[in-house]
Amino acid sequence: GLFKIIEAKNYKGGCRLSILCGIRAANDYIAKQEVLLDASRMLSTPWTETSTALKKKLDLISEQKGEIARLKERILAQEIQQFPSTLDNPLVFTDLEDTNIIRRQVNAMAERFSGFCGIFQKKETENFSFIIGSGTAAKDTGEMARLLREKLGARCGGKPEMIQGSVSASKEQIEALFTGQIG
């Protein structure tokens, strides 16, 4: 009957083979053939070109995700730019997932504002991750970290100029802490 090697791995100086025989090998072949034909249909390409077409689609998706991230960063920067420069502790809530973008924007805020500059990223209902930077007044962010831990049960750490972490609290509770209503 049919004998099929489905996997080969290096193992303890030798080679470990996974094999299927008979009807199991035939069923494995049929299942993989169905998956390949489905993918071929979805990509509107011959089955022999499925791999190439899939790579092109993934490259396109990656480009589009990059463009979306750049646009979201521009929107976030514009939102921050609209804050009055007299604001002591600017605070932003966002759904951005890119920590590098958030960190860059916190740094930009810290150059413009005097107090603590924070961006809170919503993870799920009343769950946020955050990055907080020290503004031009060069306050130690450890003070804010202490308040976040004591008042809202946050988990955070970092350096005097920037902290990051997570907190399970409402947007209103976080805003109250930042505006000095809690403290």
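Some bookkeeping to begin. The model is predicted, with local features needing pLDDT of at least 70 and side-chain atom pairs counting only at pLDDT 80 or more, while totals for chains, interfaces and linings use all residues. Residues are numbered from 1 along each chain as its sequence is written, and side-chain values use heavy atoms, with hydrogens and water left out. Helices (H or I, at least four residues) and strands (E, at least two) are DSSP runs, numbered from the N terminus.

Strand β1, residues 3-11, runs antiparallel to strand β2, residues 14-21, and eight bridges join them. Two strands count as paired if DSSP finds at least two bridges between them. Glu7 has Ser18 in β2 as its bridge partner. Two residues lie between the strands of this hairpin, and Lys12 in the turn has a positive phi of about 50°.

Next, the open sheet. Its five strands come in the order β3-β4-β5-β7-β6, with mixed pairing. The edges are β3 (91-94) and β6 (155-159); each has a single partner strand, so one side of each is left without a neighbour in the sheet. On average, neighbouring strands of this sheet are turned by 15° against each other, direction ignored. The axes here are lines fitted to C-alpha atoms, for helices over the stretch in contact, and angles run from 0 to 180 degrees between N-to-C directions.

Now β5. Eight bridges pair β4 with β5 in the antiparallel sense, and Ile119 has Ile131 in β5 as its bridge partner. The β4-β5 hairpin has two residues between the strands, and Glu126 there takes a positive phi near 55°. Strand β5 (residues 127-134) also pairs with β7 (residues 162-167), antiparallel, over six bridges. In that pairing, Ile132 stands opposite Ile163 in β7. How many of the eight residues of β5 are buried? Seven are, where buried means under 20% relative accessible area, exposed over 50%, and partly exposed in between, with a 1.4 Å probe and protein chains only.

On to helix α4, residues 141-152. At the start of α4, a side-chain oxygen of Asp140 reaches to within 2.8 Å of the backbone nitrogen of Gly142. The buried residues of α4 are Thr141, Met144, Ala145, Leu147, Leu148 and Leu152. They cover an arc of only 160° around the axis, which puts them on the same side of α4; the arc is that of the directions from the helix axis to the C-beta atoms. The cover over these buried residues includes β4 (116-124), β5, β6, β7 and α5 (171-178). Just after α4, Gly153 takes a positive phi of about 70°.

Why does Glu73 count as buried? Because its relative accessibility is 16%. Its side chain makes a polar contact with the side chain of Arg104, at 3.0 Å. A polar contact is a pair of N or O atoms within 3.5 Å; within protein, one must be able to donate a hydrogen and the other to accept it, and residues adjacent in sequence count only if both atoms are side-chain atoms. Not counting residues up to four places away in sequence, Glu73 touches Ile101, Arg104 and Gln105, with contact meaning heavy atoms within 4.5 Å.
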